Structures are given as C-alpha cells and as structure tokens.
Amino acid sequence: MFRQMFEEKYMRFPDGKSKALTFSYDDGVKADKKLIEIFDAYGLKGTFNLNSSLFGCECWHDRLDEEQTYSLFAKSGHEIALHGARHIFLDKVPLPEAVNEIVSNRAYLESKFGRIVRGLAYAYNGYNAEIINMLKSLGVSYARTTDETRSFEIPSDWLRFNPSCHHKSAAFRELCEKFLSASPEDDFKHREPWLFSVWGHSYEFDEDGNWNLIEDFAKRVSKRKDIWFATNGQLRDYISAYDELIYSLDGERVFNPSFMPVWLEIRGKVYKIDGGQSVKFDECKD
Ligand SMILES: [Zn+2]
C-alpha cells in the first residue's frame with residue numbers, strides 16, 4: 001500500500017475523512033423548507049443566513065414570517081447565521097449603523113433561538129477592512145462572501161470565507177464531478193483536505209425550475225462514506241481545534257488541548273487525537 005514518505009501533516013475531518021461538504025443559503029425564504037427536506041432526506045447539513053427585520057416580506061422572494069422562521073429552524077439541526085437585520089450593504093452606511101445591523105441581528109437570533117450565533121454571510125457581498133475589524137470585535141467567527149474560488153481550498157481568512165461556488169455557477173457541475181470521482185489522497189505530495197462549499201438562495205430553485213439539480217447531487221453524495229457533511233459553523237470550530245494542536249520540537253508527538261477529537265494524516269497513516277490526549281506517531285519503518 002502507498003505510504004507517504006514525508007513529514008507533512010495533513011488535517012483530516014472527523015473519522016479521518018479527507019473531504020467536507022457545506023451549504024450556505026441566504027435570506028430566510030419559504031423555499032428553505034423544501035431545501036431542508038432534501039438535506040434531511042439525504043443526511044446533509046446546511047447553514048441558513050437570516051435577517052431579523054424583514055419577516056414576511058412577500059415582495060422579496062416570499063420570506064418566512066417570524067413564526068414560520070422559528071418553527072422551521074428551531075429544531076432543524078441546521079445552523080442559523082447572521083445576514084444583517086435589514087439586508088443592507090454594511091460597507092455603504094456609517095459604521096455605527098453597520099454595528100447596529102449586526103448587533104441587533106445577533107441579539108434577536110440568539111434570544112429567539114436560545115443558542116450562540118457566530119457565523120455570517122455578507123448581504124450583497126458588502127464588506128471592507130473596517131467592516132471585518134468590526135465583525136472581529138463583535139465575536140463573529142466566520143463571514144461568507146460570494147466570491148467563488150471554483151476550488152476546494154479551505155479558507156485561510158475566516159472573515160473572508162470565499163465559497164467554492166454558487167449552485168448556478170458554470171463551475172458547479174465540474175466541481176461536483178471532481179468531488180465525487182477524485183480525492184486528496186490521489187496526490188502524492190499535496191494531500192490537503194478538500195472543502196466543497198456551495199451557496200445560493202433556495203428561491204432560485206423555484207424560479208429556475210431546477211430542484212432536481214440539488215436533489216440529484218444530494219442523492220449522489222449521500223451514499224458516500226468519505227465525505228463529512230457539516231455546517232459552516234461546525235467546520236469553523238473543527239478547524240479551530242485542529243489549528244490549536246501542539247507539537248513537540250521534532251514533530252513526532254502531538255497534544256490536543258481542545259475538548260473535541262481531531263484527525264490528521266502523516267506518512268500515509270491517519271491518527272485520531274482525542275481531546276486532552278497526547279499521541280506519538282509511528283516511526284517510519286523503511
Ligand atoms: Zn441575501
């Protein structure tokens with residue numbers, strides 16, 4: 001069996017998987033219900049980015065009202081995240097107004113749903129360096145843009161979390177095929193894990209009459225054991241834990257100070273490091 005001969009350490013997702021799939025859907029509209037039904041039928045996870053001052057606004061793609069929003073998401077098992085109270089360009093208003101837009105959105109969602117809400121998707125992709133600093137000080141853990149990477153790269157800047165693509169992107173089908181037919185382990189030296197992060201609006205499936213696009217993909221990936229289905233918040237927390245690993249000087253011993261287990265690959269072998277556990281890697285036998 002192939003064995004990596006080098007010392008590189010590669011993050012692996014839960015259960016040693018090398019691929020993760022996330023979905024991020026915006027605006028809190030009635031079509032989210034059907035999208036959640038599809039995710040649930042196939043065991044996928046989604047992140048839903050919600051405004052909090054536009055409930056029931058039918059002129060805007062048939063938004064859920066306040067009660068419908070609560071009953072759809074409260075026990076859904078999917079992530080809810082920030083999208084601004086009123087869906088404004090954060091970078092086109094005075095900073096205090098932008099602060100209020102995020103603070104009131106977060107305060108509402110945390111109070112209503114009784115959970116911590118730290119993820120965000122930028123409305124209209126509106127952000128700049130000042131907005132990013134503001135989000136840091138408000139404890140936002142990641143913020144998704146609409147600037148697609150058309151790749152499976154893991155975000156290096158969590159407040160500029162560029163997704164792989166929109167589901168309507170010309171790149172979507174090609175990325176789907178690659179994600180299902182290949183894997184990081186196919187490469188000898190560059191075995192970084194893959195993240196396929198898809199974004200969009202569920203009402204677009206109604207408008208375009210193509211619910212089959214997402215349902216067919218969901219059906220195909222659901223059978224796969226090598227893919228971690230996660231919310232963007234779960235992904236962010238997992239990678240934070242991985243990044244906190246502490247290594248010995250020679251790189252042969254690792255300690256996991258977090259509460260959650262993390263996985264990594266070295267020399268072709270995958271290790272699970274439980275929270276609070278120290279592991280010494282097997283020696284290279286050749
Ligand atoms: Zn939006």
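1. Axes here are lines fitted to C-alpha atoms, for helices over the stretch in contact, and angles run from 0 to 180 degrees between N-to-C directions. Helices (H or I, at least four residues) and strands (E, at least two) are DSSP runs, numbered from the N terminus. This is a predicted model, in which local features need pLDDT of at least 70 and side-chain atom pairs count only at pLDDT 80 or more, while totals for chains, interfaces and linings use all residues. Residues are numbered from 1 along each chain as its sequence is written, and side-chain values use heavy atoms, with hydrogens and water left out.

2. Helix α3 (residues 95-113) packs against helix α4 (residues 129-137) at an angle of about 45°, the axes being 11 Å apart. The two are therefore oblique to each other (under 35 degrees counts as roughly parallel, over 145 as roughly antiparallel, 65 to 115 as roughly perpendicular, the rest as oblique). Contact means heavy atoms within 4.5 Å; α3 supplies Leu95, Ala98, Val99 and Ile102, and α4 supplies Glu130, Ile131, Met134 and Leu135. By class, this contact has seven nonpolar, no polar and one charged residues (Ala, Val, Leu, Ile, Met, Phe, Trp, Tyr, Cys and Pro count as nonpolar, Asp, Glu, Lys and Arg as charged, and the others, Gly among them, as polar).

3. Helix α2 (residues 66-73) also packs with α3, at an angle of about 60° and with axes 11 Å apart. This pair is therefore oblique. Glu66, Thr69, Tyr70 and Phe73 of α2 meet Tyr108, Lys112 and Phe113 of α3. The classes in this contact are four nonpolar, one polar and two charged residues.

4. Aspartate 27, in the loop between β2 (19-26) and α1 (32-42), and histidine 83, in the loop between β4 (79-82) and α3, are 56 residues apart and link distant parts of the chain.

5. Is aspartate 27 buried or exposed? Aspartate 27 is buried, with a relative accessible area of 3% (buried means under 20%, exposed over 50%, partly exposed in between, with a 1.4 Å probe and protein chains only). Histidine 83 is buried too. Beyond neighbours within four places in sequence, aspartate 27 contacts residues including Asn49, Trp60, Arg63, His201 and Tyr203.
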